[in-house]
Amino acid sequence: MSAKAISEQTGKEFLYKHINTSAAVQNRFRYATVTAETDWDRLTQEHQWLLTQRLVVKPDQLIKRRGKLGLVGINLDLQGVKDWVKSHLMKDTTVGRAKGVLKNFLIEPFVPHKQEEEFYVCIYAVREGDIVLFHHEGGVEVGDVDAKAQKLTVAVNEKISEEQVKEQLLSYVPEDKKGVLASFIVGLFNLYEDLYFTYLEINPLVVTTDGVYVLDMAAKIDATADFICKSKWGDVEFPPPFGREAYPEEAYIADLDAKSGASLKLTLLNPQGRIWTMVAGGGASVVYSDTICDLGGVDELANYGEYSGAPSEQQTYDYAKTILSLMTREKHPQGKVLIIGGSIANFTNVAATFKGIVRAIKDNQEPLKEHEVKIFVRRGGPNYQEGLRVMGEVGKTTGIPIHVFGTETHMTAIVGMAMGHRPIPNLPPMAAHTANFLLNASNNTVTPANTRTASFSEPKTPNDVSPAKKSKAGLPADHLHSILWPLKNVVTGDWKAKATTLFSKHTKAIVWGMQTRAVQGMLDFDYVCSREEPSVAAMVYPFTGDHKQKFYWGHKEILLPVYKNMADAMKKHPQVDVMISFASLRSAFDSTVEAMQYPQIHTIAIIAEGIPEAHTRKMIKMADEKGVTIIGPATVGGIKPGCFKIGNTGGMLDNILASKLYRPGSVAYVSRSGGMSNELNNIISRTTDGVYEGVAIGGDRYPGSTFMDHVLRYQDTPGIKMIVVLGEIGGTDEYKICQGIKEGRITKPVVCWCIGTCATMFASEVQFGHAGACANQASETAMAKNQALRDAGAYVPKSFDELGDLIRTVYDELVANGTIVPAQEVPPPTVPMDYSWARELGLIRKPASFMTSICDERGQELIYAGMAITEVFKEEMGIGGVLGLLWFQRRLPRYACQFIEMCLMVTADHGPAVSGAHNTIVCARAGKDLISSLTSGLLTIGDRFGGALDAAAKQFSKAFDSGMLPMDFVNKMKKDGKLIMGIGHRVKSINNPDMRVQILKDFVKQHFPSTQLLDYALDVEKITTSKKPNLILNVDGFIGVSFVDLLRTCGGFTRDEADEFVEIGALNGIFVLGRSMGFIGHYLDQKRLKQGLYRHPWDDISYVLPEHMSM
């Protein structure tokens, strides 16, 4: 959500820190917080004014009208405050319908003043700008300020002046206070804007001869502006509404939500309740809560929450395990039910998200059975059949009653089943996978003509544009609007009329963002709609250079251009008039403003959720000035069957075909929710001849276009015969539809339902999934709006459950009276399934290009040879343990891990003179990079330098295994003219031993179960050193033979496996890995010392030329 209430202390802290005014603001930062844990002695040390001043104390828990409720202690000394707090602290209190515990108090200095020195000021946001309310009589008895206060409307992008304030707000204020108040109100408004407040009320604001005192304050800020205001806000804590506790599980889910691109919400309503929900989608979650309450379950509803935006398996698991943990803490005599519901997903892989839920159910199966939990599942969307199959299987294997349903079942039908109001049907086995719709028997690879003839009731007018019909009952329609609305970019004063027709079969779009999946979905939709050309002309992605991106058009591959700059894309594609923006919440504003600089753009869809409201309102104002229609923010987009779809709207092809979105019907809809728009596609396709156009305007408080904008478009489009509106709690847009119906501007049948009817049944305020889904006054409740629509003449069902039946009834009436003549169906063309999706569904198999058995990075946690990375650290396996997992696919004994680490340590470096280090140094001094220098050194490793580990292991093993005596082995190697690998050192000798070897020898002898090969090698050393003292077993040889002993005797390998590791070069890897550390050290050393290009000195080179050349 966006607008979130903050505590009074936080609000005052913001004001005292950041307000810029010439008015003398008194008592800055003079407040102290008291809780049950407060140490009064420490508090008085930190705030010594508590000891000397008269005080005021009050709860700081988002409670309104504290003075009238007797919840303010006034003009007390410190002891009086202590007594007052003691009498209220941790006491149950009822405020309205909400019952809660007082636990957080604010102490401030008492300000003696007269009644005439109290004033009221409030600033709040509306779509067109901000409203400043001022009343010259503030305080507890201020009454209905909306009716009494002076009002100043500040349009978007405008500022206020002190003169304006004096003229429009302060007419009843004494002259001697006007200057101070005007300066303070201007400073307050600038603070309100700069810190992204959405609501700021001070009552009373006291003005005395000493200055300005802010006594009581209530405020909300736009939480989505955190990325802009973090430096000013700091870490803001958002308290829950009074009457609802702040649970750690809510904070945990909020933290997951903040770290995720998906949406995860959880509000606990009644932890003892028996009905729990786990619903996908902000709109769907409200519908399920409504249905539960409609069926009498309000007192048993335990939680409200939603997950959406394609959360990962791990995120879904974390969300599900939290809910399962909460619902299995207390038993209920009737057992409990869990409703896992949702609308038809647009782009979320249902099977993938269900994997997380299934994991959580398996992990909690015992407590679920103990608490007699029954689970009801209903879902649709990409790969939903597989998701439901897996969910059904886990029910069978765990013994937990799990009932699963797909799109054939009405979305909320499972609520009635769960609550015992309707029987649980025995459904026939459902389709095994999504692909049933895609792989039909047709072999036609040519794009056919239109797949459905135009509706017989549909006039053949170009672009479906015509003037509005005359209104009913002789009432004149809005003449100016009727004439101008259908025209594109007709200038009228300082605004431009917007187009009735946003999309056609020839619409071309630019997609902002590298959203290849969404673009491919659009192209597949285009193809199945028999468009002649793709609807996407180009993509804009500022993080790469200009290039081409490959996509499919039916069976063939095509290239779409990708531009770094929007200007280039617009210039090269002048036919484009739609931009679909997948920009992030941080960059959506700038990219949208840039797009509106190009007159060719008439429609912009903004997908991002979480754009600050101030930014959205600026975009709306600019769009109105330029005649641009904005769909969004926080939307999936919209769809015009047979013509065009925005991004992921309508889901994958199986749903496009199932909901008949490849050809136009007669019904148009507008919704806030993207997920519910897809559900409407399903409902309308099952109850009518299908969708003509559908738009999800987005869940924010200020969508770029409103319900009325689109309803008027639909009214003026001849092909549309009836209109469906899915409104919701919050805002007043639906009342404009009421007005349009009453005035006769809207004459087509309107079926409307506002979701969120459950809100009035809750004791405390609940913020639903959409930012705009919160009623700030009685008229904004869903119940009030539904009644108003019913009174105005719209068709309004009794509940969402009956919406489909009512749509069918209205449609049947229109067919009966000839308004709609259903057209004959023609099959759409087939579209080949993407290879990746076919694999996801298990429809095909293909030999893999690579095989791996050591690591798996695909899940939420990295896996090393079957061991999760968290376990690796928990077990403190170290580098040696990780190497054992990745090289040998074994969890090696502790001593083996230590030996590996010791080998890496002793082989890390051997000075700058050896060939590898020398090469690295020369390369570094030539100005090469780290990788090049390191590679230069590594390339010297071989039989002569460092590569003797493998060779030594092989030679000694072969001799030992064949039963050859050490003396015979030495003699044979001499006879064959071969060097014994691992024997000999240029510097070290029997008299000057290599301490590295000695360290390793001591460890091996102490820890290895057996050292047969090492002992054999030491016997060989005795023979070789008797001939020459430097023919010792060197560090390479020692590691080689010791490693063979380790592999053969540690108990983790068969003899064949041990020999195979030696044969494939595993031991040389030890030297390569260890010496890489030293080579990197030499590289960094040369760079640090700033050594120049190396040139070998002449006097160190013998120039031996042929005689005839030297003469």
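Modeller: In H32, Phe-956, Ser-957, Ala-959 and Phe-960 meet Gln-1012, Leu-1013, Tyr-1016, Ala-1017 and Val-1020 of H35, where contact means heavy atoms within 4.5 Å. By class, this contact of H32 with H35 has 7 nonpolar, 2 polar and no charged residues. Here Ala, Val, Leu, Ile, Met, Phe, Trp, Tyr, Cys and Pro count as nonpolar, Asp, Glu, Lys and Arg as charged, and the others, Gly among them, as polar.

The model is predicted: local features need pLDDT of at least 70, side-chain atom pairs count only at pLDDT 80 or more, and totals for chains, interfaces and linings use all residues. Residues are numbered from 1 along each chain as its sequence is written, and side-chain values use heavy atoms, with hydrogens and water left out.

Two packed helices are described by the angle between their axes and the distance between the axes. The axes of helix H32 (residues 948-961) and helix H35 (residues 1012-1027) come within 10 Å and cross at roughly 100 degrees. That makes H32 roughly perpendicular to H35, a word used for angles of 65 to 115 degrees, with under 35 counted as roughly parallel, over 145 as roughly antiparallel and the rest as oblique. Axes are lines fitted to C-alpha atoms, for helices over the stretch in contact, and angles run from 0 to 180 degrees between N-to-C directions. Helices (H or I, at least four residues) and strands (E, at least two) are DSSP runs, numbered from the N terminus.

Now the rest of the chain. The domain assignment gives domain 1 (3-233), domain 2 (248-423), domain 3 (502-653), domain 4 (664-824) and domain 5 (892-1089); such bounds come from an automatic or database assignment. Between the C-alpha centres of domain 2 and domain 5 there are 59 Å.

Glu-193 and Lys-159 join their side chains in a salt bridge of 2.7 Å, N to O, the term for a side-chain nitrogen of Lys or Arg within 4 Å of a carboxyl oxygen of Asp or Glu. Glu-193 belongs to helix H6 (residues 175-194), and Lys-159 to the loop between strand S10 (150-155) and helix H5 (162-168), 34 residues apart. By this rule the count comes to 45 salt bridges.

Two peptide bonds deserve a note. Asn-203 and Pro-204 are joined by a cis peptide bond, with omega about 0 degrees, and Pro-204 is found in strand S11 (residues 197-208). The bond from Gly-632 to Pro-633 is cis, with omega near 0 degrees.
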